[in-house]
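Open your viewer and keep the selection tool at hand.

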Amino acid sequence: MTLLLDLSHTCHTAARTGIQRVARSLRRELAGGALAVCFDPHEDAWRPLEPWETRNLDGAHPAGSRASRWPVSAQIRGRLRRGRRPGVLAPGAASGVVVPEVFSGDVQAALGRLFEASAGPTVALFHDALCLQIPEYSPASTRRRFPSYLSALLRFDGIAAVSQASRSALLDYWAWLGAAHPPPVEAIPLGIDPPLGMRETHYTGPPVVLSVGSIEGRKNHLALLDACEALWAEGARFELRLIGMANRETGAAALRRISALASSGRPLRYDGPADEKELEGAYAACSFTVYPSLAEGFGLPVAESLSRGRPCLCRFSGALGEVASGGGCLDLGSGSAAEIKAALGGVLGAPYALARLGASARARHFRTWTQYAADLGSWMSGLRRRG
């Protein structure tokens with residue numbers, strides 16, 4: 001028997017934000033041991049992925065939106081099949097279920113049918129509850145639906161949290177909710193992809209400071225931009241390069257600030273979303289990275305930067321502190337513009353200190369996705385169906 005891997009959202013978007021990258025990586029590592037499935041709202045049924053959905057998973061060009069896309073032809077096929085063929089997933093035929101995404105209301109309503117297809121445990125990955133912890137930085141639509149999502153997680157046989165901070169957040173919410181007999185929650189830190197032919201770069205011009213992350217309120221780009229502008233005004237020579245999809249609701253102010261600074265001639269480059277090859281090239285070309293995010297469920301860009309020998313300036317609290325604690329990072333304190341400026345200025349003005357941070361980064365070792373998938377499978381093997 002094989003696992004069922006729910007990719008209902010990821011197979012319908014080319015976005016490469018954190019959760020989509022986790023889902024794609026898990027699908028790659030489970031390979032022949034899992035069947036990728038999705039809930040088709042037009043057919044009102046769970047089914048294996050169709051070729052166009054698999055191609056979307058493997059697509060090389062990242063999208064500028066997380067939104068799901070369903071071609072009209074796929075919608076029509078689903079409606080024509082609706083109620084006209086038996087269930088595609090045989091009851092009890094799978095050895096388990098893994099849901100790595102934050103699922104939609106449609107998927108949530110259909111979870112029972114997915115669970116019926118499995119004789120083994122059902123597991124969801126839990127990323128974070130930041131939209132409730134710092135709601136002022138999250139879209140209103142996400143805040144409205146998230147309590148229902150967190151409650152639906154109680155239906156699973158186990159929850160694999162991506163960090164200790166995320167595990168604590170979920171358990172705290174369930175305790176506040178008064179949930180009786182919640183499923184076990186295990187913190188299993190994510191893996192990362194190894195560098196693709198990274199090499200040491202010899203710089204002939206001003207250093208390049210790279211920041212990878214969606215342009216949205218929680219990522220704190222406004223404070224980073226204010227810090228950089230203050231340094232540029234004082235004569236500091238460096239280029240800031242930003243990579244990440246833009247959230248037009250919570251990132252609008254940062255986008256306007258980026259445009260204004262670039263128009264004024266500041267050495268600022270915003271590339272938008274990037275594919276894996278472009279991202280590797282950006283890491284190879286930078287001196288170090290800065291990740292000003294206020295809070296994360298894990299912090300993949302920090303781990304990826306360190307694994308490529310590039311020091312990272314980030315906050316040392318919560319899940320970010322879990323990643324940063326092994327070395328190669330410099331603390332941004334609360335993430336204020338003044339603290340970011342002090343950290344950036346200190347590194348830019350002290351090449352020997354930067355070299356020491358780089359040596360610490362290169363000494364780090366991170367789990368691969370292969371190790372993550374193995375740990376997840378081992379933990380799942382000890383779970384039992386709860387009803």
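Predicted model: local features only at pLDDT ≥ 70, side-chain atom pairs only at ≥ 80, totals over all residues.

**Stop 1: a strand and its partners**

Residues are numbered from 1 along each chain as its sequence is written, and side-chain values use heavy atoms, with hydrogens and water left out.

Strands (E, at least two residues) and helices (H or I, at least four) are DSSP runs, numbered from the N terminus. Now show β12 (residues 312-314): 3 bridges join β11 to β12, and the two run parallel. Follow the chain from β11 through helix α11 (residues 300-307) to β12; this β-α-β crossover is right-handed. That term means a clockwise path from the first strand over the helix to the second, with the strands pointing away from the viewer.

Next, select β8 (residues 208-212). It runs parallel to β11, with 2 bridges between them. Leu210 has Thr289 of β11 as its bridge partner.

**Stop 2: side chains of β11**

Show residues 288-291. Phe288 and Val290 point one way, Thr289 and Tyr291 the other. All are buried (under 20% relative accessible area, 1.4 Å probe, protein chains only).

**Stop 3: the whole sheet**

Which order do the 6 strands of the open sheet take? It is β10-β9-β8-β11-β12-β13, with parallel pairing (strands pair if DSSP finds at least two bridges between them). β10 (268-270) and β13 (329-331) stand at the edges with a single partner strand each, so one side of each has no neighbour in the sheet.

Note on methods:
Buried < 20%, exposed > 50% of the residue type's maximum accessible area, 1.4 Å probe, protein only.
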